[in-house]
Amino acid sequence: MTDEKPSLFERLQPLMQRLQPLMQEAKRLSIRGLKLARHWLGIAARETWIVLKRLPIASYSFFWAMVSPEYAQRLTDLYIDGASTLTNKASRQRAVEAPPQPQAVLQESGPDSALVLLSLLQKEGRFLDFLQEEVSGYSDHEVGAAARVVHDGCRRVLDDHLSIAPVRDEAEGSQVTLQKGFDPSAERPTGQVIGEPPFTGSLVHRGWRALDVRLPQVASSRDVRILAPAEVEL
Amino acid sequence: MSAARYAIGIDLGTTHSALSYVEIAKCEGEEVDQRILAIPQLTAAGSVEERPLLPSFIYLPHPDEHTPGDLTLPWGGDPTRVIGEHARRQGVTTPIRLVASAKSWLCHPDVDRKAAILPPEVPSDVQQLSPFEASVLYLSHLREAWNGAHPYDPLDGQDVTVTVPASFDPAARELTAEAAKAVGIDNLVLLEEPQAALYSWVNDSVGRWRHDVKVGDIILVVDVGGGTSDFSLIAVTEQDGALELTRVAVGEHILLGGDNMDLTLAHVVKQKLKKNGVELDRWQLQALTHGCRQAKEALLADAEREAYPIVVPSRGAKLIGGSIRTELTRDEVTETLIEGFFPEVSVDERPAQRARGALTKVGLPFAQDPAVTRHLAAFLGKQAGATEDLEGFVEHAHWASFLHPTAVLFNGGVFNAEVLRDRVLQVLNQWLAAEDAPAARLLEAHDMDLAVARGAAFYSYARNHGGVRIRGGTSHSYYVGIERSMPAIPGMEPELHALCVVPFGLEEGSEPVMPPQEFGLVVGEPVRFRFFGSSVRREDQVGDLLEEWSEDELEELEEIQTSLPADKLKRSEVVPVRLQAAVSEVGTLELTAIPTQGKAVGETSDWKVSFNTRGGSSADAE
């Protein structure tokens with residue numbers, strides 16, 4: 001029977017043979033599809049993990065922002081002003097998480113006002129003449145006499161164009177305390193700088209602070225690089 | 001009441017000018033909020049700074065001396081005239097282009113005040129200015145500074161007081177008023193500087209002054225500024241139960257001030273250096289003067305110090321090698337300043353007068369005697385009877401040889417030194433003690449450099465908004481000279497009579513006065529009158545004809561003149577006129593010729609009689 005009548009298998013054989021490449025194609029496609037799915041799923045999972053890893057800080061921030069107005073304010077400052085204005089605790093927390101970033105932009109200081117001040121010091125106090133002269137050949141007596149001119153004139157320039165006051169009003173040598181959150185650019189602790197503020201120590205230098213600067217208005221035509229003109233008596 | 005928002009006082013000084021102001025709406029009674037205007041000015045080529053004082057100097061730069069644009073001010077400005085600090089500095093090295101002490105020239109009787117004569121005697125390519133133009137320039141600089149700071153309240157809409165020395169004659173006052181008008185100041189009044197100083201004192205006391213003085217007090221104001229000394233006497237009187245101040249006398253114009261003192265010290269030190277073989281040039285002398293001023297201030301302030309070092313820097317770049325070191329000692333200051341300018345003199349001493357050489361160049365009539373105390377003795381001696389007519393004053397003892405002040409107010413930068421205040425007070429009290437009079441007391445003043453400007457601003461405010469006012473009116477009585485017609489006698493000048501046209505103390509804005517005498521004026525020809533003033537003849541009334549007077553009673557001023565235009569009248573017709581005098585609200589004296597039958601002849605109007613500010617001697621020379 002089997003001889004007379006080709007079995008179903010035999011009949012199907014050519015069909016199967018014709019289908020074979022199709023099947024293989026399908027199998028290959030499904031493997032590729034699986035690979036592709038695994039790849040994307042993997043990415044998705046990784047991404048999810050990355051996002052989920054932030055869940056604690058997100059929920060912490062959310063929770064604390066809801067609970068603490070101070071924290072909320074700090075976050076607000078962070079969003080509005082950028083990272084550089086974060087203070088104290090927040091900046092320290094951030095420093096742990098991210099590498100420290102520069103907090104300000106370095107600027108070129110414009111030469112003009114420096115030159116104007118220098119020419120004032122020269123005009124009133126002969127400042128450049130004094131510094132540019134070789135002092136080693138003169139006695140202290142002679143240098144001292146010239147120093148009077150310089151001191152007198154330069155001081156007049158300071159009085160007229162700047163308001164200068166000490167940073168700390170206490171007498172030098174007295175005990176002072178730097179409170180938590182002191183401005184390190186105005187008050188510099190030296191020596192045994194350890195632990196947490198407040199720091200207590202002795203005032204070595206009172207510091208100086210310019211309260212006001214009143215430099216002259218300069219005409220646009222003036223060459224400020226001329227610090228003192230050459231004089232020719234006719 | 002005017003609609004001005006600010007009341008402004010301008011001190012137009014010989015060496016410095018300043019502007020003070022008060023905002024009227026913020027004032028309450030005698031509590032006045034005073035401010036000083038920061039005046040932008042060139043302090044170097046191409047640099048502008050604001051300073052409270054504007055040095056009264058004008059520099060006329062050579063066209064190639066500065067880069068174009070380097071003399072720009074915030075309001076642009078005129079690059080051919082530099083005003084202020086930079087002008088003063090430039091003048092040190094180039095004096096031929098510096099206009100200084102223009103105010104002293106403004107009351108110089110021998111020059112034409114509107115002719116370009118400053119700086120005097122310079123090469124012809126320097127464009128000179130007239131003293132009048134200089135005043136206009138200072139005022140317009142102040143105007144621009146004010147308008148820059150207050151763009152919505154320009155100066156011409158504010159109440160402005162400009163100060164003049166008490167010793168300014170009518171012509172100089174009129175020139176000052178004219179200068180102020182020329183820069184657009186319309187609501188103007190003039191105020192005498194010593195009065196301004198007293199107003200400042202009143203202002204500082206915030207009403208307490210009524211307890212510090214009493215009726216019968218005579219306040220002597222001694223004002224020694226940078227270039228001039230000015231004295232005034234102000235009596236405390238009573239009107240309807242309220243205290244009043246009345247200015248009873250002013251002194252003569254004395255060109256003597258703090259600058260003379262610094263210069264004298266510099267010459268003392270210069271002579272000392274010369275003995276050691278060190279010669280100084282003009283630049284170094286200026287630096288030395290500056291050093292002496294500082295040394296003087298230090299030595300006068302600290303009685304312990306015996307000497308103060310002075311270093312005259314070299315002009316070249318070698319500062320250490322080229323500087324000259326010297327010092328000013330206490331003995332030198334005492335001898336030169338205190339004994340030279342404030343000597344202990346007796347009250348009957350008078351300033352020395354040297355006869356001037358006939359060939360002197362025209363220059364400023366500087367005081368020939370440097371002793372301020374001697375000038376003061378002369379002033380008080382001359383004014384011995386100044387309070388005779390005032391009510392409530394003790395009859396002056398007939399043997400009193402001088403007027404006895406009971407209080408003294410000092411003003412001017414010189415008196416920042418306490419030693420000098422004490423010295424003047426001490427000398428004055430010696431005079432008083434010699435005549436058994438009580439010692440004069442000191443009225444404490446503050447900020448002597450700015451007091452005049454502050455007092456002027458206070459006055460601007462007080463005169464429109466109620467407040468104490470110093471009464472006074474004209475400080476002199478004025479006369480025109482009339483030649484008696486008499487047969488000519490060889491070698492004899494025709495006899496001169498003086499007709500009083502303005503009585504003493506004619507107040508601002510009061511009814512005009514007119515002597516009954518008539519004059520015949522020739523139409524179409526300028527007519528001149530000799531003009532006299534007296535600071536002591538208080539009792540003369542309008543129309544009084546003086547036939548004789550003692551020499552120091554009447555002082556001849558510049559002549560007055562008028563010209564009758566020949567429009568409606570025939571040329572060389574003689575028109576009878578009367579002279580009318582009035583003191584305007586501004587404070588200037590106005591003389592008018594009024595034709596007695598004018599209205600009948602035709603539409604002849606009144607003619608202004610003007611002061612001849614063209615100078616006697618130069619007019620003769622033309």
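Reply: The model is a predicted one, in which local features require pLDDT of at least 70 and side-chain atom pairs count only at pLDDT 80 or more, while totals for chains, interfaces and linings use all residues. Residues are numbered from 1 along each chain as its sequence is written, and chains are lettered from A and ligands numbered from 1 in the order in which they are written.

The helix in question is α4 of chain B, residues 170–182. Helices (H or I, at least four residues) and strands (E, at least two) are DSSP runs, numbered from the N terminus. From its first C-alpha to its last, α4(B) reaches 18 Å over 13 residues, close to the 18 Å expected at 1.5 Å a residue; the expected span is 1.5 Å times one less than the number of residues. The helix is mostly covered, with 10 of its 13 residues buried. A residue is buried if 20 or more other C-beta atoms lie within 10 Å of its own, exposed if 12 or fewer, and partly exposed in between, with C-beta atoms placed from the backbone. Among the buried residues of α4(B) are P170(B), R173(B), E174(B), L175(B) and T176(B). After the helix comes G184(B), whose phi is positive, near 95°.

Chain B is divided into domain 1 (6–191) and domain 2 (477–621), with bounds from an automatic or database domain assignment. Taken over C-alpha atoms, the centres of these domains of chain B are 33 Å apart. In domain 1 of chain B, 16 residues are in contact with 15 residues of domain 2 of chain B, where contact means that C-beta atoms, placed from the backbone, lie within 7 Å. The elements giving two or more residues to the domain 1 side are α4 and β11 (188–192) of chain B, and α4(B) provides the largest share, 6 residues. By class, that side has 9 nonpolar, no polar and 7 charged residues. Here Ala, Val, Leu, Ile, Met, Phe, Trp, Tyr, Cys and Pro count as nonpolar, Asp, Glu, Lys and Arg as charged, and the others, Gly among them, as polar.

Elsewhere in chain B, 9 strands form an open antiparallel sheet in the order β22-β26-β27-β28-β25-β23-β20-β21-β24. Strands β22 (519–522) and β24 (545–546) of chain B stand at the edges, each with a single partner strand, so one side of each lacks a neighbour in the sheet. Two strands pair if DSSP finds at least two bridges between them. Within this chain, antiparallel strands β23 (526–534) and β25 (555–563) are joined by 7 bridges, and F532(B) stands opposite E556(B) in β25(B).

Chain B also touches chain A: 21 residues of chain B are in contact with 20 residues of chain A. On the chain B side, β5(B) gives the most, with 3 residues, and the residues of that side divide into 10 nonpolar, 7 polar and 4 charged. Strand β5 of chain A (217–218) runs antiparallel to β5(B) and is joined to it by 2 bridges; S47(B) is the bridge partner of V218(A). Chain A itself has 7 helices and 5 strands, and buried residues make up 8% of its 234 residues.

Note on methods. Contact = placed C-beta atoms within 7 Å.
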